[in-house]
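Dear colleague,

I am handing over the structure below, and after it you will find an account of what was found in it. Please keep the model open while you read, so that you can follow each residue as it comes up.

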Amino acid sequence: MLQISPKSAKSVPAQGRETVQRFAEQGYQLEPEALEAICRYQGSQEELFRRIIGSIDRSLAVIGMQHINGLIQSSPKNGIGHAASTTPIQRRSTHILPASSRTPSRPSFPSASRTPPSSIEPSASEITLDSAPSDPHTQGSAQLSCDITGRSTCVGEYDDFVCYFRDRYAKIREILSRRINSRPIESLSKSTSGREVSLIGMVLDIRNTSKGNRVIELEDPTGMIVAVIQKDGEAYEESGQIIPDEVIGVTGISDGNGRIFVKSLLWPDMPNQTASLEKGSGHAILISDLHVGSKYFMDEAWQRFSDWLNGEADDPSGLASQVEYLVIAGDLVDGIGIYPGQQNDLAIMDIYSQYEAAAGLLNAIRSDIKIIISPGNHDIVRQAEPQPALPPEVQKYFRPDMLFVGNPAWVTLSGISVLIYHGRSIDDLVLRLPGIAYANPEKAMIEMLRRRHLSPIYGSRVSIAPENEDHYVISHPPAILHCGHVHTVGIARYKGVAAINSGTWQSQTDFQKKMNIQPVCAVAPIVDLATLKVRKLIFA
């Protein structure tokens, strides 16, 4: 492999020598193509350096194009200027303003004459989470299409928040633009007074007036507008579904003075269809929230499940022999210090011993079943989402053929695309949307699909790291959306997508009793990948 080291830096221009030296001081070497791409980068070299160092694996020795391609192409100059607060869990406090009214400290929008990024095709590992899988994949295989592992760019600075919200708006606007002929907010001048107009905006605020009308503040890259939904209007009831930070389309009458009286609302939603999006083969079992290490982990039920999979129990249906995949959507172990007083609920007090015990359970499952493991908020990864895959020091306990992915993650099972998300944003949706409850988590998952976003509300219960791209946008409809987190089972079909929440393997804890939470335990949804029909197998 061609490498550029500090000793050979004299053969490259001054900027290249400085770049090589900076990376060498951090313990990395650069391939010539990577060095050339970094030197050509039109944005801030300092910012690019921080993003590259922050995203690559520390065990890496030589940085190539495959490690920086996504960072080079996702320039922070693209998108909308959605100003934010300075921590991932706080609400942003400023608005998107027209470029002419911004102060110098606020980010500006890219000019039309900006030099475009290098036109280098991304590799499969660099496809963003919301992209369609790059190829149909081989039948009978399990493959990770994309997740955040090894690609995090977040350092928590102001520009990270700007890039995050710009990317969210741009991606969902592209979806809505196929169904609505919108115009920028800045074009709604006095000449539009009394005319019907359509626009696409991000929801900044929602409030009710003293007269009972509903007021929505919307923003786009060009400015902000007040959308008024009158209490006797056709859109009023539907407007109760609007939540902060989502991107929606509105049509109404402009008053030419910064207001629009809404006649109809439009969400990005899934394409209208009833048939399965894709067809595969074999069966997959979807589970989550094992909480190994908890005193409430259901050992006996798990053993019945394991015996059934391994053909050591009666199976009149013959389904066990057809299972090819086992997908776990987070909270493999109970963790340490997740909530006050947790030590009283633990049977295993050491986090690594918890994973060793979990590995023993999964390693005992017959080897021809491909096991895919995604983390959750109880696992030993960063709490801010999106989360990377479990670290190597944990993976070593498990069979080498298991597939470890991030949260969220796209995987492909025998040609079927599966979007795995632990589901923590269900907490936010239950709090904000009428008719959504923990007892029916599939309804919250349908709202994710309607909004084309796994965690639309920013700064509430879910701590989201502001990456340079929004990894939660669902640009490509999955065949299956698999969640967990809430410890209840929910199954629904929505516009061709199978939405499945898979319950738990932890019985009711004392905390859950106080909160009146009734978990649905030891139920394993099994999906026929040829038809996407789902059955519930009960092992309690």
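**A hairpin to begin with**

Strands S16 and S17 run antiparallel and are joined by six bridges. Helices (H or I, at least four residues) and strands (E, at least two) are DSSP runs, numbered from the N terminus, and two strands pair if DSSP finds at least two bridges between them. In this pair, Ile491 has Ile500 in S17 as its bridge partner. S16 and S17 form a hairpin with two residues between them, and Lys495 in the turn has a positive phi of about 50°.

**How to read the model**

This is a predicted model, in which local features need pLDDT of at least 70 and side-chain atom pairs count only at pLDDT 80 or more, while totals for chains, interfaces and linings use all residues. Residues are numbered from 1 along each chain as its sequence is written, and side-chain values use heavy atoms, with hydrogens and water left out.

**The chain as a whole**

The secondary structure of the protein chain comes to twelve helices and 19 strands. Of its 540 residues, 55% are buried, where buried means under 20% relative accessible area, exposed over 50%, and partly exposed in between (1.4 Å probe, protein chains only). Among the contacts (heavy atoms within 4.5 Å) with a separation of 6 or more, 70% are between residues 24 or more positions apart.

Six strands form an open sheet with mixed pairing, in the order S12-S11-S10-S9-S18-S19. Its edge strands are S12 (403-404) and S19 (533-538), each of which pairs on one side only. Strand S9 (residues 283-287) pairs with strand S18 (residues 523-528) in the antiparallel sense over three bridges, whereas S9 and S10 run parallel and are joined by five bridges. His283 stands opposite Asp528 in S18, and its bridge partner in S10 is Val323.

Why can S9 be called largely enclosed by the rest of the structure? Five of the five residues of S9 are buried, so the strand is largely enclosed. His283, Ile285 and Ile287 point one way from S9, and Ala284 and Leu286 point the other way.

The buried residues of helix H7 are Ala301, Trp302, Phe305, Ser306, Trp308 and Leu309. Seen down the axis of H7, these residues fall within an arc of 160° (taken from the directions from the helix axis to the C-beta atoms), so they line one face of the helix. They pack against S9, S10, helix H8 (351-363), S18 and S19. On the other side of H7, Asp299 and Glu300 are exposed. Just after H7, Gly311 takes a positive phi of about 75°.

In soluble globular proteins, nonpolar side chains tend to be buried together. A nonpolar core is here a set of buried Ala, Val, Leu, Ile, Met, Phe, Trp, Tyr and Cys residues joined through side-chain atoms within 4.5 Å. The largest such core has 42 residues, and Leu176, Val247, Met448, Leu449, Leu454 and Leu481 touch the most other members. Several elements each supply at least two residues of this core, including helix H5 (158-176), helix H11 (441-451), strand S16 (489-494) and strand S17 (497-502). The largest share, six residues, comes from H5. Leaving aside its neighbours within four places in sequence, Leu449 is in contact with Asp269, Met270, Ile474, Leu481, Tyr494 and Val497. A second, separate core of 41 residues includes Trp308, Val394, Phe398 and Phe404.

**Helix H2 and the cysteines**

In helix H2 (residues 32-40), the buried residues are Ala34, Leu35, Ala37 and Ile38. They cover an arc of only 165° around the axis, which puts them on the same side of H2. Ala34 has a relative accessible area of 0%, and, not counting residues up to four places away in sequence, it touches Ile63, Gly64, Met65 and Ile68. The C-alpha atoms of Ala34 and Gly64 are separated by 5.3 Å, although these residues are 30 apart along the chain.

Finally, the structure holds zero disulfides, a disulfide being a pair of cysteine sulfur atoms within 2.5 Å. Cys483 is buried, with a relative accessible area of 0%, and Cys521 is also buried, with a relative accessible area of 16%.

With best wishes
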